[in-house]
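Visitor: Hi, could you walk me through this one? I'd like to go from side chains up to the overall picture.
Guide: Happy to, here it is.

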Amino acid sequence: MRNLTERQLRRRERILSAARELIARQGYDGVKMRDLAKAADVAPKTLYHQFENKENLLRTAVEERYRRTYRAIDNAEIERGIDRLFFIVDTVATTTRKNLAYARALAPMLSSSTEFAEIRLRSYRKAIDQIADEGEFLDWVDVGLLTAIIYRQVNPLYLTWFFSKEAQPHRASVAKLDMSLILRSVTTGYTRERVTGTIFEMQENLKGTRFV
């Protein structure tokens, strides 16, 4: 991004903020450039001058917020790796709940894009690496493979069906239960105690819940 004046930066953020609001109301594919220009209080030509086309503009709006969210997650000071792992899940679930229409509109793109998946995967790998640094994995555990397996269990947090009225309140509980069941068999010490307690807690939370 070229150097912008403070005024240009404020206008740019106003455009991107308006884009995210329209995505929430109209869906990703439903956003019209003329509506966006009106919402951001700029001329339509300004949108094209700064972003070239609609696809670049909307993707920039989504990606900048997405990176900001995961940067905040990664920068959080959390003492234990397993607590960091659960913190990621809880933060994603809470953020989604607060911006449900926006998250639902973006679910197809966020769940299928390799670029967005890589952003998420780095955060999960940081938590897994922290557990490894604490020496709480069994000697034979392949940390890279385990990260991929854990990520497959939390991926439903980003899939469209998980934004249904029935599933939404239980998104974090399902993900934490799945992760805990996997980690209990390959960890020791604090991590194993933490996931064992979480298994019982999440089972109780999900008792009687239907997802189909």
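Visitor: By how much of a helical turn are Tyr66 and Tyr70 separated, and why?
Guide: They sit four residues apart in helix α4 (residues 54-75), so about one helical turn separates Tyr66 and Tyr70. Helices here are DSSP runs of H or I with at least four residues, strands are runs of E with at least two, and numbering goes from the N terminus.

Visitor: Before we go on, what kind of model is this, and how are things counted?
Guide: This is a predicted model, in which local features need pLDDT of at least 70 and side-chain atom pairs count only at pLDDT 80 or more, while totals for chains, interfaces and linings use all residues. Residues are numbered from 1 along each chain as its sequence is written, and side-chain values use heavy atoms, with hydrogens and water left out.

Visitor: Back to the tyrosines. What sort of aromatic pair do Tyr66 and Tyr70 form?
Guide: A search of the whole structure gives three aromatic pairs. The pair of Tyr66 and Tyr70 is tilted, at 5.1 Å centre to centre and with 45° between the planes. Rings of Phe, Tyr and Trp (its six-membered ring) pair if their centres lie within 6.5 Å; planes under 30 degrees apart count as stacked, over 60 as edge-to-face and the rest as tilted.

Visitor: Are Tyr66 and Tyr70 buried or exposed?
Guide: Both Tyr66 and Tyr70 are buried. Buried means under 20% relative accessible area, exposed over 50%, and partly exposed in between (1.4 Å probe, protein chains only). Tyr66 and Tyr70 also form one aromatic cluster with Phe116.

Visitor: Which residues does Leu85 touch?
Guide: Not counting residues up to four places away in sequence, Leu85 touches Tyr124, Ala127, Ile128, Ile150, Met179 and Leu183. Tyr124 and Ile128 come up again with Thr147, which touches both of them along with Leu121 and Arg125, under that sequence limit of four places. Thr147 lies in helix α8 (residues 143-154) and is buried, at a relative accessible area of 3%.

Visitor: New topic: how do α2 and α3 pack?
Guide: Helix α2 (residues 33-40) and helix α3 (residues 44-51) pack at about 100°, with their axes 8 Å apart. That is why α2 and α3 are roughly perpendicular to each other. Met33, Leu36 and Ala37 of α2 make the contact with Pro44, Leu47 and Tyr48 of α3. Axes are lines fitted to C-alpha atoms, for helices over the stretch in contact, with angles from 0 to 180 degrees between N-to-C directions. Angles under 35 degrees count as roughly parallel, over 145 as roughly antiparallel, 65 to 115 as roughly perpendicular and the rest as oblique.

Visitor: What about the loop between α2 and α3, which residue is found there?
Guide: Asp41 is found there, and its phi is near 60°, a positive value in a residue other than glycine. Asp41 is exposed, with a relative accessible area of 65%. Glu52, in the loop between α3 and α4, has a positive phi of about 75° and is not a glycine either.

Visitor: Last one, zooming out. How many helices and strands does the protein chain have?
Guide: The protein chain has ten helices and zero strands. Of its 212 residues, 46% count as buried, and its C-alpha trace spans about 60 × 40 × 25 Å along the principal axes.

How values were computed: Contact = heavy atoms within 4.5 Å.
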